[in-house]
Amino acid sequence: MADEVDKILASEEIAPVIEPGHTYASITDKISAIVLTRPTPMLWYVGFGISFVFVLILLFAVSYLLTKGVGIWGINIPVAWGFAIVNFVWWIGIGHAGTLISAILLLLRQKWRNSINRFAEAMTIFAVMCAGLFPLLHLGRPWYFYWLFPYPSTMDIQPQFRSPLVWDVFAVSTYFTVSLLFWYVGLIPDLATLRDRARKRFPRFAYGMLAMGWRGSAVHWHRYETASLLLAGLATPLVVSVHTVVSFDFTIGLVPGWHSTIFPPYFVAGAIYSGFAMVLTLAIPLRKMYGLEDFITLRHLKNMGEVMLATGLIVAYGYMMEGFVSWYSGSPFERYLMFYRMHGAYRYMFWALLLFNIVIPQALWILRVRTSPLALFIIAICVNVGMWLERYVIVVVSLSRDFMPSAWGMYSGTIWDYAVFAGTIGLFLALMFVFVRLLPMISIFEMRGLLHEESEK
Amino acid sequence: MRERLDAIRNRALIVGVVATVLCIIGAFLDARQFLRSYLVAYVFWLGLPLGSLAILMLHHLVGGRWGFIIQRLLEAAVKTFPAMALLFLPFIIGIRRLYPWAAAHAGGAEHVVTGGKAVYLSPAFFTARAVFYFAVWIACSYALTKWSREQDRSEVSFIGRLQNLSGPGLALYGLTSTFSAIDWIMSLEPEWYSTIYGMIFMVSHGMAALAFAIIAARLLADDPPLAGAAAPDQFQDLGNLLLALVMFWAYLSFSQFLIIWAENLSEEIPWYVRRATGGWRYVALLLIIFQFALPFLLLLSRMAKRRARSLAWIALVVLIMHWVDLLWLTAPAFHPSSFYLHWLDLAALIAVGGLWIGAFAHYLGATALLPNDPRFVEALREAEAT
């Protein structure tokens, strides 16, 4: 461990993106064995079991919600956007790291993305699934969700196109579609590898169907490269647009503390921040559990730590500008809101969010912290919590203290709010567990390509 | 090369001094108008060293080959901070004529300055902050250029030191450039505020500085040493970076506009009304087309980016439009809803520009045009091998 750190200290550029001593065959063996031959580790059963319990809780909580209505949640007037919107924004934000890694880092030719892009993309898809649940359930009558689409309705009703909430429908559904396609297209060569290596009949059949007849010919590879570049080009604006639209939900919402022009870039930075925190939260235990330290090296962890530090500073800049302008503006409402955040009923959440999002991650300036998996894991968890608190403070504090004191109120989540939230975390983790069990969590062919490039040097 | 830069310096200084004399005459004729014109010109030219400082620190942190080509151009630009600090003096002297809040402080009470502004917008605090900004910028640029020059001569690598400064340096840069934009331009309309304002300025300074560096690199690229080092690949990278900044500028500007337009609040919307009515409306359209749409479409083309000549023309459009943008941000505060261009606007632009380019050419001639960075030497060797 100490040796590894010294190596990185000595020459950052030379620190490998793949440990030496691997051949094409050993890469393929090692990654495909996790799915095909190696016995499933005990930890997998324990982890999946616990996550599945939470999935059951989610199913129960949602069933109860559908019979009783959203009144079982803590939402009220004025705080009509409680946990549902907080969790929606939190989950959507987490997805952004996957898109950034797979699209923008691909276009920027960053080699270190290769071993983390596959499961980061999977994380994006599962996070967007969890995110999508919340606005749907929050509708009250989720079975009418299709009213949000501009279909030729016999009632002659069209959605309100000036509302960012309608833009959300388009932004999120586009995001999900493109992410899913991107992920699946990237999987095809590896699915063919699994098909070729599978011994049993059913896996061979299933992977064979999914591989869509991939034979690895030059024409196939040529088309694959073109398709993935095009999809990367399509996905790149989505990294920015989705959370920008989410930020418009607030900025075009008039309430003090919401209507702030810095929100779009600061939401996007926050999304990438929380996304990388989630990638680290998943990558560090996974590489340990399956012994993948050769592929997900300290270099990867260090680079992700640096992305977190940079985006975290942009988030801090956003907080600072909000604070400064609320003081500078002279608007009594903006000023009071900032005062209430710091001293009001939700003050613990506000100070905790500053601690988790701003203060603790400053440790990332230190190289030793950036190259210590344990320290990175702890910081990543802190950022996950901090980003959730941030959305809670934005949503709840502003709604509970708007312009008119007679309209002020209080909010707290009920047991059902917590059940749905914990349930989606369970759903997310359960999907991740299924994913690492059934599909190669690291892109086999991209790692082989990386080995080729590295050995040419 | 040295003689050519000296010739440029001398010619620029002559033009700058002549225009400065005109500006001084203008200042005696109409001090108020002089300050208004001088503000736009000053911020335009100051944006070049400011943006250069940010790109330079970013380059030290990420270290691509594109950065080494323009590193010395950026360094020459940031060396002009002390000279620019001197040129800031007219604002301190004329503060009451330029800023309505300063006039209010002096008892003119044209605007009622409330809240934090009463503390923040006071002449003494304003001056103290400006001193602080320049101290930060001069200190950062001094260290960066000094270590880079020392690295040319010695065997020891200064990369670690340059990187250690650049990380915190960028954070400090973010703070100082944000608040300088708020102090010097946003406060012209003290009742208005926008939290994204500083970020828009940072991005447009970066865009202007990169455009200037591309133009300068193009002019120097025909002769050694740049001729050997600046291949189409590097211009393509610079073009991509310019494209990213153009898109980022448009994204931030549009976000600010959409949020304020959709809300239509009485304390915010007048800022846009002043800029979207009368003659200013056409300036705004001009900005949309020539600061965003046209460069965006042209920069999508690989060919346009790989040819240094075409890239430099696009960069020139971006640079000129940056001045138009600053005029559009500033002048409607004095002439709401009707387009207004004074001869002093152009005279001041040429005066500060002549002096600035003179200083830039002087500093550029004083060092080797390419840095002796081990990473760069390595990259050049690799390129030669293939």
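Predicted model: local features only at pLDDT ≥ 70, side-chain atom pairs only at ≥ 80, totals over all residues.
Biologist: What does Asp233(B) form a salt bridge with?
Modeller: The partner is Arg306(B), and the closest N and O atoms of the pair are 3.0 Å apart.

Biologist: Which residues do salt bridges that share partners join into one network?
Modeller: Glu189(B), Glu191(B), Arg274(B) and Arg275(B).

Biologist: How far apart are N and O in the Arg274(B) and Glu191(B) pair?
Modeller: For that salt bridge the distance is 3.3 Å. Arg274(B) belongs to helix H14, residues 269–276 of chain B, while Glu191(B) lies in the loop between H10 and helix H11. They are 83 residues apart.

Biologist: Why does Arg274(B) count as buried?
Modeller: Its relative accessibility is 17%, and buried means under 20%, so Arg274(B) qualifies. Glu191(B) has a relative accessible area of 34%, so Glu191(B) is partly exposed.

Biologist: What about Asp183(B), buried or exposed?
Modeller: Asp183(B) is buried, and Arg129(B) is buried too. These two form a salt bridge with the closest N and O atoms 2.6 Å apart.

Biologist: How many salt bridges over all chains?
Modeller: The search of the whole structure finds 19.

Biologist: And what is the count between chain A and chain B?
Modeller: That count is 0 salt bridges. The interface of chain A and chain B does have 13 residue pairs in polar contact, with both residues at pLDDT 80 or more.

Biologist: Which helices of chain A supply residues to that side?
Modeller: Helix H8 (218–251), helix H9 (263–289) and helix H10 (298–328) of chain A each supply at least two residues of the side that touches chain B. H10(A) gives the most, with 9 residues.

Biologist: What is that side like by class?
Modeller: The side of chain A that touches chain B has 18 nonpolar, 9 polar and 3 charged residues.

Biologist: How many residues does the contact take from each chain, and what area is buried?
Modeller: The contact takes 30 residues from chain A and 37 residues from chain B. The buried area is about 2800 Å², and carbon and sulfur atoms give 73% of it.

Biologist: Changing topic to H3(A). What should its 27 residues span?
Modeller: Helix H3 of chain A, residues 42–68, should span 39 Å at 1.5 Å a residue. Its end C-alpha atoms are 39 Å apart, which agrees.

Biologist: Which residues of H3(A) are buried?
Modeller: They are Trp44(A), Gly47(A), Ser51(A), Val55(A), Leu58(A), Ala61(A), Val62(A) and Leu65(A).

Biologist: Why would residues three or four places apart point the same way?
Modeller: Because an α-helix has 3.6 residues a turn.

Biologist: What covers the buried residues of H3(A)?
Modeller: The cover includes helix H5 (117–138), H9 and helix H15 (415–438) of chain A.

Biologist: And what comes just after H3(A)?
Modeller: Gly69(A), which takes a positive phi of about 100°.

Note on methods: Residues numbered from 1 in each chain as written. Chains lettered and ligands numbered in written order. Heavy atoms only, no water. Contact = heavy atoms within 4.5 Å. Buried area = accessible area lost by both parts, 1.4 Å probe. Salt bridge = Lys/Arg side-chain N within 4 Å of Asp/Glu carboxyl O. Polar contact = N/O pair within 3.5 Å; in protein donor to acceptor, adjacent residues only side chain to side chain. Helix = DSSP H or I, 4+ residues; strand = E, 2+ residues; numbered from the N terminus. Nonpolar A, V, L, I, M, F, W, Y, C, P; charged D, E, K, R; others polar. Buried < 20%, exposed > 50% of the residue type's maximum accessible area, 1.4 Å probe, protein only. Expected span 1.5 Å × (residues − 1).
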